[in-house]
Amino acid sequence: MFGLDTTSNIFTNLVTDTKYNLKDFRTTPRQMTRLLVENIEEDFYMMCPDGEGGYVQQALISCFPNSFMPPSKLGLSMKGIHGPVPGLQEKIGKGIHLTMKSMQGGSIIQRLGWSLQFQGPSLMRTGGNNFEPKPGEVVGDLSEPQDLSQCYLRIERQSLARLPETRAIAFCVRHYVYPLEDIKKEGNGDELADEIQSMPQKLGYYKRRPFWQRDVDMFLRGK
């Protein structure tokens, strides 16, 4: 995908045939952000030290957001970014902060996240994939007919890397989507259905489970 001529110091993107001269290479942060988005598929979120022991998001490349508007996350702390996710702060919020604080320059940590998405495989989702009941609201049967041929399991592989000089942390996110039909064909339908059912209630609401669980569960279990 990439090539480097060590004699001329020319770096080449073999897909686009774009060439970059690395000799005396100089660039601004904005230009470097553009270079990343032109050459790497992953999204990037840059968390920079705030001078008080925490981190705030100062830059991002978000071509494939999952139910949020990327500009709305700029300038926020980890708590602010993930505030809408039920239970996250209570369960792992402190652990995330301690992990980020203890990371050494050059070290990398990876984790996975998942969700179901409907209306096709497009990775750019700026809204409509979450549900947040009002405080005290009783959630009844909200089941809606689903076109399961357009339902996908979305996986996010998140890699965290400490930048040694600035001490910032780069979140690198690669996205994958798998048709729900393939999950069932591979024999993993019951396992995914069990995982969906085991989600805490508030997290299930957040992922819109009341709207699609009936049809998805019956499909995955072959009922």
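1. Salt bridges overall. The model under review is predicted. A search of the whole structure returns 10 salt bridges.

2. Asp-17 and Lys-19. The closest N and O atoms of this salt bridge are 3.8 Å apart. Both Asp-17 and Lys-19 are exposed.

3. Glu-42 and Arg-174. Here the closest N and O atoms of the salt bridge lie 3.0 Å apart. The pair connects distant parts of the chain, 132 residues apart: Glu-42 belongs to the loop between H1 and S4, and Arg-174 to strand S8 (residues 169-179). Glu-42 counts as buried because its relative accessibility, 11%, is under the 20% limit. Arg-174, with a relative accessible area of 21%, is partly exposed.

4. Asp-190 and Arg-221. The side chains of Asp-190 and Arg-221 meet in a salt bridge of 3.9 Å, N to O. This pair also links distant parts of the chain, with Asp-190 in helix H5 and Arg-221 in the segment after H7, 31 residues apart. Asp-190 is partly exposed at 42% relative accessibility, and Arg-221 is partly exposed with a relative accessible area of 24%.

5. The largest nonpolar core. This core has 15 residues, of which Leu-116, Phe-118, Leu-180, Leu-192, Ile-196, Val-216 and Leu-220 touch the most other members. At least two core residues come from each of strand S7 (152-162), helix H4 (180-185), helix H5 (189-197) and helix H7 (209-220). Apart from this core lies another, of 12 residues, including Met-78, Ile-81, Met-100 and Phe-171.

6. Contacts of Leu-180. When neighbours within four places in sequence are left aside, Leu-180 is in contact with Leu-116, Leu-148, Cys-151, Tyr-152, Leu-192, Val-216, Phe-219 and Leu-220.

7. Aromatic pairs. The structure holds 3 aromatic pairs. In one of them, Phe-2 and Phe-11 are stacked, at 5.4 Å centre to centre and 25° between the planes. Phe-2 is partly exposed at 36% relative accessibility, and Phe-11 is partly exposed at 25%. A second pair, Phe-118 and Trp-212, is tilted, with 6.0 Å centre to centre and 40° between the planes. Phe-118 lies in the loop between strand S6 (108-117) and S7, and Trp-212 in helix H7, so this pair ties together parts that are 94 residues apart in sequence.

8. A nonpolar surface patch. Met-1, Phe-2, Val-15 and Ile-40 make a nonpolar surface patch of about 390 Å². Ile-40 is found in the loop between helix H1 (29-39) and strand S4 (43-49). Where does Ile-40 stand in terms of accessibility? At 32% relative accessibility, Ile-40 counts as partly exposed.

9. Thr-99 and Ile-109. Thr-99 is part of helix H3 (residues 88-102) and is partly exposed at 32% relative accessibility. Thr-99 and Ile-109 are 10 residues apart in sequence, and their C-alpha atoms are 9.2 Å apart in space.

How values were computed. Residues numbered from 1 in each chain as written. Predicted model: local features only at pLDDT ≥ 70, side-chain atom pairs only at ≥ 80, totals over all residues. Heavy atoms only, no water. Patch = residues over 30% accessible without salt bridge, like charges linked within 9 Å, V, L, I, M, F, W, Y side chains within 5 Å. Areas by Shrake-Rupley, 256 points an atom, 1.4 Å probe, with all protein chains shown as cover. Salt bridge = Lys/Arg side-chain N within 4 Å of Asp/Glu carboxyl O. Helix = DSSP H or I, 4+ residues; strand = E, 2+ residues; numbered from the N terminus. Buried < 20%, exposed > 50% of the residue type's maximum accessible area, 1.4 Å probe, protein only. Core = buried A, V, L, I, M, F, W, Y, C linked by side-chain atoms within 4.5 Å. Contact = heavy atoms within 4.5 Å. Phe/Tyr/Trp six-rings, centres within 6.5 Å; stacked < 30°, edge-to-face > 60°.
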